[in-house]
Amino acid sequence: MNNLKLLDNALLSENALEKFYDVYENNVELKNWLIDILPEVELSKNQTQNNPWHLYNVLDHILHSVEYINEMTQSLPKNYRRFLAYTMFFHDLGKPASHTIKEADGKELDRFFNHNLEGEKIVLREADKFGFNKDEIKIMAKLVHDHDIFLHFYAEDSDPHKDHYKKVDNNLINLLIKDFDSFGDGKQILEFLVFVGRADALAHTPENAKSKFKIFDKMDEFLKP
């Protein structure tokens with residue numbers, strides 16, 4: 001079995017974290033192949049996320065998010081499921097390159113400002129090595145670029161940050177779809193982005209992620225046929 005097939009089998013499994021580490025740590029050929037393409041994988045394995053939003057190092061967070069998106073997309077065609085699993089695999093690989101340490105309340109916290117831009121560059125640089133075509137890569141890069149966009153939205157008028165954020169309503173949904181239309185089927189891409197956002201949030205600390213689920217639920221309401 002070739003390296004890409006082995007990686008596919010790991011990333012599309014229900015227990016992607018365990019399966020990935022099994023082949024990554026025990027198959028020297030695959031590990032060298034993957035690191036040669038994506039040195040960020042090993043860097044992410046060694047990158048801490050010492051801040052209130054995270055439970056895991058970067059690579060463990062990535063792999064947990066892959067598991068969550070696999071669970072959520074079981075009813076989708078296999079090519080979509082593979083595309084989204086790899087989107088999650090790429091989504092935070094830009095964190096090591098954007099890592100800084102900020103002191104707050106006497107503690108040193110890991111920060112990753114603009115990691116989405118670094119991740120977008122990685123997708124554009126290397127996603128073709130994993131069998132994705134130019135159109136798919138453009139969409140994947142856009143999803144990685146926008147995966148934290150939900151931080152700037154709010155779902156309910158009681159939200160204390162509403163004066164600085166954008167309300168999830170028909171107007172916002174239509175604006176997002178119009179933006180994504182330049183990459184393909186804008187509505188479908190936005191639906192994919194909501195999957196990405198949910199999977200990412202589920203792999204964060206529960207307390208700091210729970211407010212996002214109201215946003216995802218509200219967006220799903222507007223996206224339903």
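Trainee: How do I read the way H5 and H11 pack in this model, and at what angle do their axes cross?

Mentor: Two packed helices are described by the angle between their axes and the distance between the axes. In this predicted model, the axes of H5 and H11 come within 8 Å and cross at roughly 130°. That makes H5 oblique to H11, because angles over 145 degrees would be needed for roughly antiparallel, and 65 to 115 for roughly perpendicular.

Trainee: Is the crossing of H5 and H11 left-handed or right-handed?

Mentor: The crossing of these two helices, H5 and H11, is right-handed.

Trainee: Which residues of H5 and H11 meet?

Mentor: From H5 come His61, Ser65, Tyr68, Ile69 and Met72. They meet Phe195, Val196, Arg198, Ala199, Asp200 and Leu202 in H11.

Trainee: Let me pick one of those, Asp200. Is Asp200 buried or exposed?

Mentor: Asp200, in helix H11, is buried, with a relative accessible area of 2%. The cut-off for buried is under 20%.

Trainee: Which residues does Asp200 touch, leaving aside residues up to four places away in sequence?

Mentor: Asp200 touches His61, Ser65, Met88, His91, Asp92, His147 and Asp148.

Trainee: Now the aromatic rings. How many aromatic pairs are there?

Mentor: A pair of aromatic rings is described by the distance of the centres and the angle of the planes. Here the count comes to 15 aromatic pairs. One of them joins Tyr80 and Phe192, with 5.4 Å centre to centre and 70° between the planes, which is edge-to-face. Tyr80 sits in helix H6 and Phe192 in helix H11, so this pair ties together parts that are 112 residues apart in sequence.

Trainee: How exposed are the two partners, Tyr80 and Phe192?

Mentor: Tyr80 is partly exposed, at a relative accessible area of 29%, whereas Phe192 is buried, at 6%.

Trainee: What about Tyr86 and Phe130: how are their planes set?

Mentor: Their ring centres are 5.7 Å apart and the planes stand at 45°, so the pair is tilted. Tyr86 belongs to helix H6 and Phe130 to the loop between helix H8 and helix H9, so parts 44 residues apart in sequence are tied together. Tyr86 counts as buried at 0% relative accessibility, and Phe130 counts as buried at 0%.

Trainee: Which residues form the aromatic cluster?

Mentor: One aromatic cluster is made of Phe20, Tyr21, Tyr24, Trp33, Tyr80, Phe83, Tyr86, Phe89, Phe90, Phe130, Phe132 and Phe192.

Trainee: Some of those names come from the start of the chain. Which residues of helix H2 are buried?

Mentor: In helix H2, residues 16-26, the buried ones are Ala16, Leu17, Phe20, Tyr21, Val23 and Tyr24. What covers them includes helices H1, H3, H4, H5 and H6.

Trainee: Let's turn to charges. How many salt bridges does the structure hold?

Mentor: Side chains of opposite charge can pair when their charged atoms come close. The structure holds 18 salt bridges. In one of them, Glu25 pairs with Lys31, the closest N and O atoms being 3.3 Å apart. Glu25 is partly exposed, with a relative accessible area of 35%.

Trainee: And what separates Glu207 and Lys210 in helix H12?

Mentor: Glu207 and Lys210 are three residues apart in helix H12, so about one helical turn separates them. They form a salt bridge whose closest N and O atoms are 3.3 Å apart. Glu207 counts as exposed at 58% relative accessibility, while Lys210 is partly exposed at 49%.

Trainee: Which residues are linked in a network of salt bridges?

Mentor: Glu40, Arg125, Glu126, Asp128 and Lys129 are linked that way. Within this group, the side chains of Lys129 and Asp128 meet at 3.7 Å, N to O. Lys129 is partly exposed at 40% relative accessibility, and Asp128 is partly exposed at 44%.

Key: Residues are numbered from 1 along each chain as its sequence is written. This is a predicted model: local features need pLDDT of at least 70, side-chain atom pairs count only at pLDDT 80 or more; totals for chains, interfaces and linings use all residues. Side-chain values use heavy atoms; hydrogens and water are left out. Buried means under 20% relative accessible area, exposed over 50%, partly exposed in between (1.4 Å probe, protein chains only). Helices (H or I, at least four residues) and strands (E, at least two) are DSSP runs, numbered from the N terminus. Contact means heavy atoms within 4.5 Å. Rings of Phe, Tyr and Trp (its six-membered ring) pair if their centres lie within 6.5 Å; planes under 30 degrees apart count as stacked, over 60 as edge-to-face and the rest as tilted. A salt bridge is a side-chain nitrogen of Lys or Arg within 4 Å of a carboxyl oxygen of Asp or Glu. Axes are lines fitted to C-alpha atoms, for helices over the stretch in contact, and angles run from 0 to 180 degrees between N-to-C directions. Angles under 35 degrees count as roughly parallel, over 145 as roughly antiparallel, 65 to 115 as roughly perpendicular and the rest as oblique. A crossing is left-handed if the near helix is turned anticlockwise from the far one by less than a right angle, and right-handed if clockwise.
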